[in-house]
Amino acid sequence: MSKSQGLKALSALFKPTALPAKTTTSTTRAHGPSPFPETHFIPLIHASKTLPQLHQIHAQIILHDLFTCSRVVTQLISSSCLLKSFDYALSIFRHFDLPNLFVFNSLIRGLAENSRFEGAVSHFVLMLRLSVRPDRLTLPFVLKSVAGLADVELGRCLHGGIMKLGLELDSFVRVSLVDMYVKIGELGFGLQLFDESPERNKAESILLWNVLINGCCKVGDLSKAAALFAAMPERNASSWNSLINGFVWNGDLNRARELFVQIPEKNVVSWTTMINGFSQNGDHEKALSMFWRMLEEGVRPNDLTVVSALLACTKIGALQAGERIHDYLSSNGFQFNRGIGTALIDMYAKCGDIKSASRVFVQTKGKDLLTWSVMIWGWAIHGCFDQALQYFGKMKSAGIKPDEVIFLAILTACSHSGNVDQGISFFESMRLECSIQPTMKHYAIIVDLLGRAGRLDEALSFIQSMATKPDFVIWGALFCACRAHKNIEMAEFTAQQLLQLEPKHPGSYVFLSNVYATVGRWEDVERVRNLMRTRGVEKDPGWSFIEVEGQVHSFVAGDHAHELADEISLKLEEITASAKLEGYMPETAWVLHNIEEEEKEDTLGRHSEKLALAFGLVSTAPGSTIRIVKNLRVCGDCHSMMKYASKLSRREIILRDIKRFHHFKDGTCSCGDYW
């Protein structure tokens with residue numbers, strides 16, 4: 001249905017001939033009365049949990065000649081939509097000869113609540129063409145569909161029709177109208193409707209106020225939202241939660257926290273809003289602290305709360321906290337459904353415990369594309385090429401078609417393992433066999449794949465042959481490869497492309513400085529760094545997280561702020577001295593400045609991951625695994641040190657950087673120094 005067709009059809013609301021249709025509940029039967037009344041089947045329809053069960057009940061309804069009963073058909077359509085079988089619901093509707101208000105309402109509601117907005121609107125249009133007059137239960141779901149389509153013209157036309165019907169002052173319809181205007185970006189109309197609402201100052205109008213507060217928050221007008229909140233005749237938990245959520249999503253966590261403290265009765269949504277807010281704004285430790293407080297106060301989390309808490313664990317590598325949440329879920333009757341199961345898999349994979357991720361994957365019920373994607377990504381970032389490929393095959397055998405994200409994971413697995421030809425083969429298969437158009441991310445991985453293998457000319461030719469203009473990430477992938485293989489000429493050319501695209505991005509300057517430093521071109525290093533200062537570009541600080549006894553500790557490069565700073569320094573000196581006796585030589589080329597070698601070693605020695613390592617060695621039991629999360633790519637010197645440290649301490653050290661996992665054990669790394 002085109003927009004013009006929809007507008008033309010909606011004009012039927014203005015016609016005085018659009019009379020109510022007769023509501024038919026005929027039970028005329030060709031073979032005599034059924035021994036079972038319609039009331040016998042309706043509870044059975046409600047009790048059906050699967051589509052085959054509903055099919056059986058439907059067959060019995062036809063056999064007993066009850067398919068002419070609109071009450072039965074209405075329930076069949078509703079249950080079909082609840083089971084996500086929209087084609088079946090539409091088939092039932094098409095085969096019913098006397099569609100009336102109740103049947104239309106059931107179908108429109110089912111489609112709207114499952115985001116089938118075009119279908120809901122088109123059947124509303126059909127309803128008008130058949131002169132079936134909509135009521136106060138029809139219009140909210142049509143308005144929701146118009147909002148979902150973000151169709152301003154259709155929304156205004158529908159508003160006019162509602163006025164013609166005399167339903168604009170109905171409280172249910174009024175709230176839906178305001179909500180629609182808010183969602184289609186017409187907040188001014190929403191405010192006007194609110195001001196014209198005669199019932200707005202009554203206690204029962206809370207929902208109307210909440211919808212408008214939520215709308216103001218979404219467009220960032222927090223002062224208006226706060227003013228409305230202050231003027232409310234009465235507030236409920238949703239009022240508080242809407243305003244708190246507004247401050248959270250606009251980054252004002254202090255104001256959100258002040259409101260949270262003032263809530264008379266906090267519910268699970270209140271807690272979840274704060275937990276999710278802290279996590280989304282980067283304060284993952286605070287998010288976890290809020291989660292534990294919630295449990296202490298006896299509030300049972302919902303699935304979204306759990307997923308938000310697990311996300312916080314994932315971001316900072318808090319494996320022990322994640323395991324504690326997992327234990328809580330197991331002890332309190334939570335089902336490992338798609339949402340929770342996928343979040344647990346992701347947490348374990350990104351916190352360095354890929355075996356536990358695999359076990360949870362097996363236990364997760366109703367695996368979907370996202371579940372498979374997270375598991376395959378897990379194998380890929382841990383450098384487990386064979387397992388990633390195996391699960392890719394299992395997924396296809398389960399009848400799930402790969403999408404662009406799955407192919408990103410498989411290409412990443414190829415890149416980390418050096419399987420260049422297989423990676424290119426998968427790329428071509430994605431394009432030609434699966435008809436998936438590559439995104440910039442796919443192109444970037446192919447460049448990275450070729451670059452890691454030293455095939456720089458092929459990587460550059462691939463970029464130049466792209467159908468779309470390469471972006472910063474693609475040139476950045478080639479730049480990293482140039483540095484690794486010390487190709488200065490190509491690095492300079494690539495740097496020019498990067499600086500043209502994003503002159504304020506620090507990565508271009510830092511990488512180019514590193515390249516020059518590697519070959520001792522210190523004047524060029526200083527020239528690049530002066531350019532950074534002139535343009536006001538600052539290098540992203542490096543930080544690392546490590547979890548000890550359930551508490552997460554963070555370090556930045558050169559950090560002396562930790563309470564165990566002296567012990568950390570002594571342990572770092574000790575491990576460095578021991579490593580040198582074993583053959584370790586500080587790779588001072590990773591330091592940008594043209595300074596004395598002794599100073600370079602000191603600078604390298606204070607990198608955040610080394611500080612986290614030293615803290616782990618002094619704070620955990622001998623033989624236990626040390627897990628570190630770093631926000632940047634680990635430098636070559638730190639990578640070398642981790643290998644020596646794993647051998648000397650007889651421990652496994654698992655380091656997650658921005659690209660992948662490195663498992664250090666007995667002096668070697670799982671990446672095989674191919675990173």
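View A. Strand S3, spanning residues 626-630, is mostly covered, since 4 of its 5 residues are buried (buried means under 20% relative accessible area, exposed over 50% and partly exposed in between, with a 1.4 Å probe and protein chains only). The model is a predicted one, in which local features need pLDDT of at least 70 and side-chain atom pairs count only at pLDDT 80 or more, while totals for chains, interfaces and linings use all residues. Residues are numbered from 1 along each chain as its sequence is written, and side-chain values use heavy atoms, with hydrogens and water left out. Helices (H or I, at least four residues) and strands (E, at least two) are DSSP runs numbered from the N terminus.

**View B. The strand partners of S3.** Strand S1 (residues 543-548) pairs with S3 in the antiparallel sense over 3 bridges, and Ser544 stands opposite Lys630 of S3; two strands pair if DSSP finds at least two bridges between them. S3 and strand S4 (residues 653-656) run parallel and are joined by 4 bridges, with Ile654 in S4 as the bridge partner of Arg627.

**View C. The β-α-β unit.** S3, helix H35 (residues 636-649) and S4 make a right-handed β-α-β unit, where right-handed describes a path that runs clockwise from the first strand over the helix to the second when the strands point away from the viewer.

**View D. Helices H10 and H12.** Helix H10 (residues 171-183) packs with helix H12 (residues 206-218) at an angle of about 0°, and their axes are 9 Å apart; axes are lines fitted to C-alpha atoms, for helices over the stretch in contact, and angles run from 0 to 180 degrees between N-to-C directions. H10 and H12 are therefore roughly parallel to each other, given that angles under 35 degrees count as roughly parallel, over 145 as roughly antiparallel, 65 to 115 as roughly perpendicular and the rest as oblique. Residues making the contact (heavy atoms within 4.5 Å) include Val175, Val178 and Val182 of H10 and Leu208, Val211 and Leu212 of H12.

**View E. Two loop residues with positive phi.** Ser131, in the loop between helix H7 (117-129) and helix H8 (139-149), has a positive phi of about 60° although it is not a glycine, and at 30% relative accessibility Ser131 counts as partly exposed. Lys486, in the loop between helix H28 (472-484) and helix H29 (488-501), likewise is not a glycine and has a positive phi of about 55°; with a relative accessible area of 52%, Lys486 is exposed.
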